[in-house]
Amino acid sequence: MSAETPAPAHTPPASPPSAHSQPHPHHPRSELYALAIGALGVVYGDIGTSPLYSVKECFSRHTGLPVTPENVLGIISLVFWTLTLIVSVKYVSFVLRADNDGEGGMMSLMALVKGKLAATHISSSLLLKMAIFGTSLLLSEGMITPAISVLSAIEGLEIATPVFRPFILPLTIGILLALFLIQKRGTGSVARIFGPIMLAWFWTIGLLGLVWVIRSPAILEAINPWHALNHFLRNGFHGFLLLGSVVLCVTGAEALYADMGHFGRKPIVIAWYWFAYPCLLLNYFGQGALLLVHGGQFQDNPFYSLAPQVLVIPLVLLSTAATIIASQALISGAFSLAQQAMHLGYSPRLTVRHTSSQAHGQIFVPEINILLMVACVAFVLVFRESSNLAAAYGFAVTGTMVITSLLLYRVMVDTWNWPRYKALLLSGLFLAVDLPFLAANIGKIFHGGWVPCLVGSFLYILMSTWNKGRRALSYELQKSLLPVDGFLKEVAEAGILRVKGTAVFMTSNVNVVPPVLLHHFKHNHILHERVIFLSIISEHIPEVPHERRIEIRDMGHGFWKMVARFGFMETPSVPEIFRAAGETGHPAKLLDTSFFLGRESLLLTGQSDMPHWRKWLFRFMSRNAREATAFFGIPPTRVLELGCQIEL
């Protein structure tokens, strides 16, 4: 995280976070309910809008499944048990307990596993690579979700009247562009109405489904798992491949875990069992009842067919609002994911802007915003229909679920101290559900599924290349480093000229002399009266307590060691570091301090074991990374940069 020595420092936290800690342990009941309503908007936006296309895709022209009572009961039974086993049992009951100091998500799980597997080799490397790939798949999924959600909602206008058909694509693109263009303003004011709108959405879809369940209560037979099993017996391999469409009902399940730090586990659980789960089931059973009554008459869009014709346009408007909220939650999650990747050493420095003075987690990352906007608009223009997008959707979702199950096994054994047989049994049960869904989605690779696979693989290459490159660069720099003690002794004996003022040299290791200081000393032959070695460490916890933020030690001869710690959910800030130093009795004026930063020119002729193409890619990423001055908040007028050439 330093400007000179690239490899992130691996200093363990003072006390390991508890696997069962909760960020909000004692909520008053009214606050708990308010958080649960808020969770509906942020956590359940994606999975809450999946009824728009899930059942529709199971009976679409792509699948060729006829609308018969047996098939309807089989599909609805699969949807019911998929929601129950994957969301209720796996995520709500177990995955949510694997928190990293109250935070969740793939990056948090990776940091938790990484800390526990530091002493192992093959298993650690493989699991970490899987976690990085899972993160890449999540980001690729984030590019498809806004496109398929908004497009599915707008397609409802065609149900009201065919007149709207030519306007579906322009309206969808216009909404997506507006959504991404307002990201820089922050989501604080909009977020306050997310929960109530989604509450209205869940009540609406639940009520629409209930009306049809009452009209055809025979659909409730789908609760019997025999209908799910009979689906495979009757339809064979074709029935197995239909799992690729059924899995659309759990898109967004990872959001339960990823957004845990914003609300805490309990509000998310309450929101699921009291609102999201029953309303989703009612709507899915209602769509099944509609198909039982009318057969294939409404199979093109059973969701909108639940409503009377006069209510279709209001339902489209509510659906559009719900899908925008679902997209907003996923976009915000992508911003947080990018920030975490930076601080864990898997991404170059990006621009991170905080959009709220109250909510620390509300950030805006322009580079990620542009990437998502271009990808979403491109997907809409290329695929043109939500059914075509659905054919490309699912592999990223199921791949992430499988990786989560594998990482959860390590958490059970290493963090929860479960017996291996118990952890293997539970993980095996989860994989017995996840792997068939993954296998069923492999066929989608030839029908557009290659797009998220390609995007995810490209992101994985970028993240792994950055991590490998920084480690290789750190290794090269280590060869020329000198111990601090010997350098201080040399300075004291040589009687070096000392000028007034304070100089800060950033380094990832305060026990060795920063290379930029050696260059400065070699060419200028002077030092400041006060020299500070500043190391900014990103720890594998979401946030570092204020009392652990700064550590300062006098090394003698006017040299000071300063170590600042930040969590991977925080943005390192030099002004904040100086304020914390002043609070500990070491005041220093930021505008009277000179910051010496190093700028490395990378040559690709070194002996590093990285392939030449990776070296080239790493150099390209390094050149386009955000400047350390802006990233750490250093006043530009106080910075001096010294360059050097390094063979990689």
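The model is predicted, so local features need pLDDT of at least 70 and side-chain atom pairs count only at pLDDT 80 or more, while totals for chains, interfaces and linings use all residues. Residues are numbered from 1 along each chain as its sequence is written, and side-chain values use heavy atoms, with hydrogens and water left out.

**Cysteines**

- The structure holds zero disulfides, a disulfide being a pair of cysteine sulfur atoms within 2.5 Å.
- Cys249 has its closest cysteine sulfur in Cys58, at 8.0 Å, which is too far for a bond.
- For Cys376 the closest cysteine sulfur belongs to Cys453, and the distance of 17 Å is again too far for a bond.
- Cys249 is buried, at a relative accessible area of 0%; buried means under 20% relative accessible area, exposed over 50%, and partly exposed in between (1.4 Å probe, protein chains only).
- Cys376 is also buried, with 0% relative accessibility.

**Helices α8 and α17**

- The axes of helix α8 (residues 168-181) and helix α17 (residues 366-383) come within 10 Å and cross at roughly 175 degrees.
- Because of this angle, α8 is roughly antiparallel to α17; angles over 145 degrees count as roughly antiparallel, under 35 as roughly parallel, 65 to 115 as roughly perpendicular and the rest as oblique.
- Axes are lines fitted to C-alpha atoms, for helices over the stretch in contact, and angles run from 0 to 180 degrees between N-to-C directions.
- Helices (H or I, at least four residues) are DSSP runs numbered from the N terminus.
- Residues making the contact (heavy atoms within 4.5 Å) include Leu169, Ile173 and Phe180 of α8, and Asn369, Met373 and Cys376 of α17.
- The contact residues of this pair divide into 12 nonpolar, two polar and no charged; Ala, Val, Leu, Ile, Met, Phe, Trp, Tyr, Cys and Pro count as nonpolar, Asp, Glu, Lys and Arg as charged, and the others, Gly among them, as polar.

**Nonpolar cores**

- A nonpolar core is a set of buried Ala, Val, Leu, Ile, Met, Phe, Trp, Tyr and Cys residues joined through side-chain atoms within 4.5 Å.
- The largest core has 195 residues, of which Leu40, Tyr44, Leu83, Val87, Phe202 and Trp272 touch the most other members.
- Helix α14 (residues 265-294) supplies the largest share of this core, 16 residues.
- Beyond its neighbours within four places in sequence, Tyr44 contacts residues including Met198, Phe202, Leu256 and Trp272.
- A second, separate core has 21 residues, among them Ile496, Leu518, Leu527 and Val531.

**Ser149**

- Ser149 lies in helix α6 (residues 122-154) and is buried, at 0% relative accessibility.

Definitions and conventions:
Helices (H or I, at least four residues) and strands (E, at least two) are DSSP runs, numbered from the N terminus.
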